Amino acid sequence: MKGEYDLILETNRLILRHWQESDVDILFEYASDPDVGPIAGWPVHENREYSLDVIHNVLNGPECYAVCIKDSGLVVGAIELILNGRTDMTDRDDECELGYWIGKPHWGNEYAPEAARRLIEHGFLDLGMRTIWCGYYDGNDKSRIVQEKLGFVFHHTDDEVDVPLLNEVRIGHTNILTRKRWLSEKMKKALAE
């Protein structure tokens, strides 16, 4: 996988880089915690082989990144702009879905919003996205709060969302952020400073 995608995105504290096979141990450490995956709709990782398979077949999208602390290089989570063909939220090439998770030892450090702000900017300015979709399952307040901080607005709720990896049906909430709204908020912030 290394060399397939060379793009690295940076924030003040973080580096977003593509997943590598050498990340398997840290992925397994976070993903084997039952508080991380199931609330986001994916199963607890039972072994490193499963985690390696996830690196090869799930965390392999062109806009999927490991969220790393800049100073140490430590992976703390994952973030992705899920493009058309890999998401069920849109069938347009100028729209995508934002997905993210942070390992439990790093909750509360504001890594998800920091990484997402950079990826949203990349999506709108570099990839030409018009709309970014984002969702969370009922009860996942951490994800809801991140989306609110990022400026996403409510679009709809679906009372019967299939969660195939867990063989469940849940309530799902879907939010959107348009490029127009994002640019407007960015302008307001700049004028206020």
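## Strand 5 and its neighbours

Strand 5 and strand 6 (residues 131–137) run parallel, joined by three bridges. This is a predicted model, so to speak, a computed picture to explore. Along that pairing, cysteine 96 sits opposite isoleucine 132 of strand 6. To get from one strand to the other, look for helix 3 (residues 111–126): together with strand 5 and strand 6, helix 3 makes a right-handed β-α-β unit.

Strand 5 also has a partner in strand 4 (residues 75–82), and here the pairing is antiparallel, with six bridges. Strand 5 itself covers residues 95–102 and is mostly tucked away, with seven of its eight residues buried.

Now zoom out. Eight strands come together in an open sheet with mixed pairing, and their order is 1-2-3-4-5-6-8-7. The edges are strand 1 (9–10) and strand 7 (153–163), each of which pairs on one side only.

Over in another part of the sheet, strand 2 (residues 14–17) and strand 3 (residues 64–69) run antiparallel and share four bridges. Leucine 14 faces isoleucine 69 of strand 3 there.

## Helices across the strands

Helix 4 (residues 141–149) lies across strand 5, strand 6 and strand 8 (168–178), at about 155° to strand 6. Helix 5 (residues 179–192) lies across strand 7 and strand 8, and its angle to strand 8 is about 60°.

Leucine 16 is 129 residues away from isoleucine 145 along the chain, and their C-alpha atoms are 21 Å apart.

Helix 2 spans residues 48–57, and its buried residues are Ser51, Val54 and Ile55. Looking down the axis of helix 2, you'd see these buried residues fall within an arc of 100°, so they line one face of the helix. Helix 1 (24–31) is among the things that cover them.

At the N-terminal end of helix 2, the cap is asparagine 47: one of its side-chain oxygens lies 3.2 Å from the backbone nitrogen of glutamate 49.

How values were computed:
Residues are numbered from 1 along each chain as its sequence is written. This is a predicted model: local features need pLDDT of at least 70, side-chain atom pairs count only at pLDDT 80 or more; totals for chains, interfaces and linings use all residues. Side-chain values use heavy atoms; hydrogens and water are left out. Buried means under 20% relative accessible area, exposed over 50%, partly exposed in between (1.4 Å probe, protein chains only). Helices (H or I, at least four residues) and strands (E, at least two) are DSSP runs, numbered from the N terminus. The arc is that of the directions from the helix axis to the C-beta atoms. Contact means heavy atoms within 4.5 Å. A polar contact is a pair of N or O atoms within 3.5 Å; within protein, one must be able to donate a hydrogen and the other to accept it, and residues adjacent in sequence count only if both atoms are side-chain atoms. Two strands pair if DSSP finds at least two bridges between them. A crossover is right-handed if, with the strands pointing away from the viewer, the path from the first strand over the helix to the second runs clockwise. Axes are lines fitted to C-alpha atoms, for helices over the stretch in contact, and angles run from 0 to 180 degrees between N-to-C directions.
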